[in-house]
Amino acid sequence: MAVVAWALGRYAFRRRFHLTRRCSRPFSFGQRRGFQLGKGVYGVHDQSVTISKQRYQELLVAEATQMAQVRQTSVSIELMRKFGTNPTLDTLLKSARFLYKELPVRYAIRAKEFELAPSWIKTQPFKQISDMYMQCFLDLRSAQEPNSARAEEKLCEVLSSHKERLALVISLLAEGATELKSKRGLTPGEEEYLQDILDRFLTARIGTSVLTSQHLALHEDVVDGRRNGYVGALQLDCSPDRVFRDAAESVRLMCQRELGQAPGFVVKGHLDVKFPYFPAHIHYIGCELLKNSFRATIEHSVQFRGEPNFSIPNVEIVIGASSEDEDVCIMIRDRGGGIPSSAQKDVWRYTHTTWDSPGEEETHYTRRDGILAGKGFGLPLSRLYARFFGGDLELCSLAGIGTAAYVRLKRLGGVEQVGNYHQDRLHAAFPQTFTPRYPFERD
């Protein structure tokens, strides 16, 4: 009898394990083969099960935990340039299928990162961000796989709604970080943890935005016709001269409106340099650096107004590139008095700001003409944009004189710098990872 009982128990265990494996397989690492959305009946191979919508949502949330283990895939400027040249419907479907698999991984990592963070960091704005990324994950996993033009168009609608929803992320991050520092106070160790998690979160947000914007632009290229000089959102002959002039003019108008006056600017150096890049990234970096330089120049010049022949010094923008295979460097130099030595180590910290904005709530986040103002996110976020494809941003300040900012951008071969998210708390929870196949791989 003992032998019979053991055999029956063994059979029951193996049977239960077998069914569990078969029923859970569609939710393994983003694969949902055999499930049909709509009426609550989901086929699994030769079987079918009926589950409620709530239960289906619970399964997707469990899948997010599993997909947060997957190491996200890097992309490069050169790969996007080659892949998007002369786009066709087949090109668009390949891109859509890659995003259909890649974006849920990125969304899941972002949602789980705050969920696994220490309790002291879980302020309401950060919880709201986690919920937003989880909802994006659920939307995408519930969408139909883009194997046709109609399904790809539906995916574009989902991606557009995600862009609109996630546009609030930076403002919520600023609110959460300011709330932690002003109301709770942070130890040096907590300050470093906050700095690290914001760096990684914002870098990942840039990556998600690049992938989404590139596909939506490719969709427009296929539907409406390709724009000359562009592959999706990537400009093939991006001119730092033109982009920085546009940024300087925008900041000059803002400076005149808010301060009543503005310094002039001069662009010089290798003005004919052009290379494939995303102009929106360069424009953002330029606006943030010039905003600091323009304001510092105006404030520092006040003490010299009584001198004869006084004039506000220009802000200089110098573009340099030694050869076609070298990086492009841009220097922004001002005579705004420089950064005090005691404050230089803090300029890269989020929420560090010298902007005085009386009348605003302490945790309120503002935007002025699309430029971050007053909450100390502009400079560190600009460095993340520069570093995203392998470049960098550095400051050199001479106290009492002025500051020079050096932006280095990859001319060729810029590759997304994917952080090793699995060496922190996420790795402790999910030690086993694997890498999906390279995006847009030739069949």
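Two strands pair if DSSP finds at least two bridges between them. Helices (H or I, at least four residues) and strands (E, at least two) are DSSP runs, numbered from the N terminus. The model is predicted: local features need pLDDT of at least 70, side-chain atom pairs count only at pLDDT 80 or more, and totals for chains, interfaces and linings use all residues. Residues are numbered from 1 along each chain as its sequence is written, and side-chain values use heavy atoms, with hydrogens and water left out.

View 1. Strand 11 (residues 392-398) pairs with strand 12 (residues 402-409) in the antiparallel sense over 7 bridges. Ser397 has Thr403 of strand 12 as its bridge partner, and Leu398 has Gly402 of strand 12. The hairpin has 3 residues between the strands, and Gly400 takes a positive phi near 85°.

View 2. Axes are lines fitted to C-alpha atoms, for helices over the stretch in contact, and angles run from 0 to 180 degrees between N-to-C directions. Contact means heavy atoms within 4.5 Å.

**View 3. Helix 10 against helix 11.** Helix 10 (residues 279-301) packs with helix 11 (residues 378-388) at an angle of about 145°, the axes being 9 Å apart. Helix 10 passes helix 11 in a left-handed crossing (the near helix is turned anticlockwise from the far one by less than a right angle; clockwise would be right-handed). Residues making the contact include Tyr284, Ile285 and Leu289 of helix 10 and Leu379, Leu381 and Tyr385 of helix 11. By class, the contact of helix 10 with helix 11 has 7 nonpolar, 4 polar and 1 charged residues. Ala, Val, Leu, Ile, Met, Phe, Trp, Tyr, Cys and Pro count as nonpolar, Asp, Glu, Lys and Arg as charged, and the others, Gly among them, as polar.

**View 4. Helix 4 against helix 5.** Helix 4 (residues 89-115) and helix 5 (residues 124-142) pack at an angle of about 155°, with axes 8 Å apart. The two helices, helix 4 and helix 5, are therefore roughly antiparallel to each other (angles over 145 degrees). Among the residues in contact are Leu103, Tyr107 and Phe114 of helix 4 and Phe126, Tyr133 and Leu140 of helix 5. The contact of helix 4 with helix 5 has 15 nonpolar, 1 polar and 4 charged residues. The crossing of helix 4 past helix 5 is left-handed.

View 5. The side chains of Glu113 and Arg110 meet in a salt bridge (2.6 Å, N to O). Both Glu113 and Arg110 lie in helix 4, 3 residues apart, about one turn of the helix. A salt bridge is a side-chain nitrogen of Lys or Arg within 4 Å of a carboxyl oxygen of Asp or Glu.

Methods:
Angles under 35 degrees count as roughly parallel, over 145 as roughly antiparallel, 65 to 115 as roughly perpendicular and the rest as oblique.
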